[in-house]
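Hi,

Here's the structure I promised to pass on. My notes follow below it.

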Amino acid sequence: MAFNKRIKIKTILDQHPIGSEITLMGWVRTKRSNKNVSFIALNDGSIITNYQVVADPNLIAEDILKKCTTGACLKITGTVVESQGAGQASELHAKSIEVLGEADPEKYPLQPKKHSLEFLREIAHLRMRTNTFGAVFRVRHALAFAVHQYFNDKGFFYIHTPIITASDAEGAGETFKVTTLDIANPPRTEEGSVDFKQDFFEREANLTVSGQLEGELAALALSEIYTFGPTFRAENSNTTRHLAEFWMIEPEMAFYDAEDNADLAEDFLKYLINYALKNCKEDLQFLENRLLDEEKSKPADQRSEMGLMDKLKFVAENEFVRITYTEAIEILKRSKPNQKKKFQFLIEAWGADLQSEHERFLVEKHFKKPVILTDYPKEIKSFYMRQNEDGKTVAAMDILFPGIGEIVGGSQREERMDLLVSRMEELGIPTDEMWWFLDTRRFGSTPHSGFGLGFERMVQFVTGMGNIRDVIAFPRTPGNAEF
Ligand code: 4AD
Ligand code: MG
């Protein structure tokens, strides 16, 4: 028999092949023993549920059983038997156990007890072996798969945009530089600045903050495209919603206006939630119970009214609220926390940038629903957004989610050459370097739109995890790039 002729626990739990001889492989979660029998709870990551292995000390040598400690990896062959005990329909009666990898119980950091998420972040290389992280990463996988399913079904094409670029799409100046120059002793120009002409790309280069600009080029050829890749931002934000390396999904569509764009975004988000509800039941149930447990330690008025799955169903079944920035400012101005000076940043006038406290007020307190906020002042948005007739606002769209704040940012794009160029000039964006982007407006321009969904924020919403560092396997944040 080939080494890997094993059956996954998920398959056994689907089929309960009573009477069959099978081989299981996985990691010990717990072992309970008395002198007549040992019960080993085994997990192979295929599903949250552990499978019970029953080992009879008359069949399995004592020195082997001794090594079946928490964290050890085992290969077990035996017979599937209807279970006598409550809690499982079947169990495996072991005929032979091979210890593939021991785990010294004195040293193994994961004990069969509840560890804090903070502690688990310090051992991110092992945390996927816990129930919580197993669940999170299976849900993350399902959501990534659903992204491709959704767009493929709609006839969108997946475009791989570059990770190294020479542009800063969002214009926020938060890029990581990419260079092969000797940073201690770089070549200099006659004026004394670093001579990037001698660098690898013969120009300054950085890690991309967004695939949008290249996505636009593709949309103006293939009509409907999406990107799904890593993006990098050197913003020094130590929050529960920011990463320096995160994954973004950016659909970009020719012949879409702002309303078409919002319709697509709403439909897409609901599809992802429904996909998880349908395909990740056990994991979401586990995560919901985990949250309920966490809630018990909070004061009564801070507990959420809905369980995780009800919250997801609620968002998937109800229409998002659509309001303009101007309407939002009116609501915020009149709001209690603004009048009682409870907001850290008080909303005094039109034009103010919205902080997460304002976004959360609108979503969690005022509307109690996801909100699509549109038509922001042009001063607080990127150069590529389409200018509205009023001369003050742009056809921007942010989608705000409960507990998360901004989950999507997007817009209709400025397709009119003259307006785009004059906006770029106002903002000091070099139009000569961006000739390739402007060529789309020069040749065969058309109304088009797109948006970006922060994938980790979506995984956070669906799993209910409070910190974005706990929904990506190896988080990159200021001061953290260990694993
Ligand atoms: O609003 P942003 O900056 O928009 C863009 O990058 C556009 N180019 C998208 C487009 O129109 N194609 O980012 C989009 C989303 C945000 O709404 C947020 O969900 C997520 O990306 N995001 C982050 N997620 C984690 N960590 C960060 N530092 C993030 N910055 C943005
Ligand atoms: Mg944004």
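Helices (H or I, at least four residues) and strands (E, at least two) are DSSP runs, numbered from the N terminus. Note that this is a predicted model: local features need pLDDT of at least 70 and side-chain atom pairs count only at pLDDT 80 or more, while totals for chains, interfaces and linings use all residues. Residues are numbered from 1 along each chain as its sequence is written, chains are lettered from A and ligands numbered from 1 in the order in which they are written, and side-chain values use heavy atoms, with hydrogens and water left out.

First, the ligand. There are 24 residues around ligand 1 (a heavy atom within 4 Å), and E170, Q212, R233, E250 and E406 come nearest. Polar side-chain atoms of Q212 and E250 each sit 2.7 Å from a nitrogen atom of ligand 1. For F451, a backbone N or O atom lies 3.5 Å from a ligand nitrogen. The protein covers 94% of the 630 Å² of accessible area (Shrake-Rupley, 1.4 Å probe) that ligand 1 has on its own.

As for strands, β11 (245–254), β15 (405–412) and β16 (448–454) each supply at least two shell residues, and β15 gives the largest share, five.

Now the surface. Where is F200? In the loop between β8 (177–178) and β9 (205–207).

Cheers

Notes
Polar contact = N/O pair within 3.5 Å; in protein donor to acceptor, adjacent residues only side chain to side chain.
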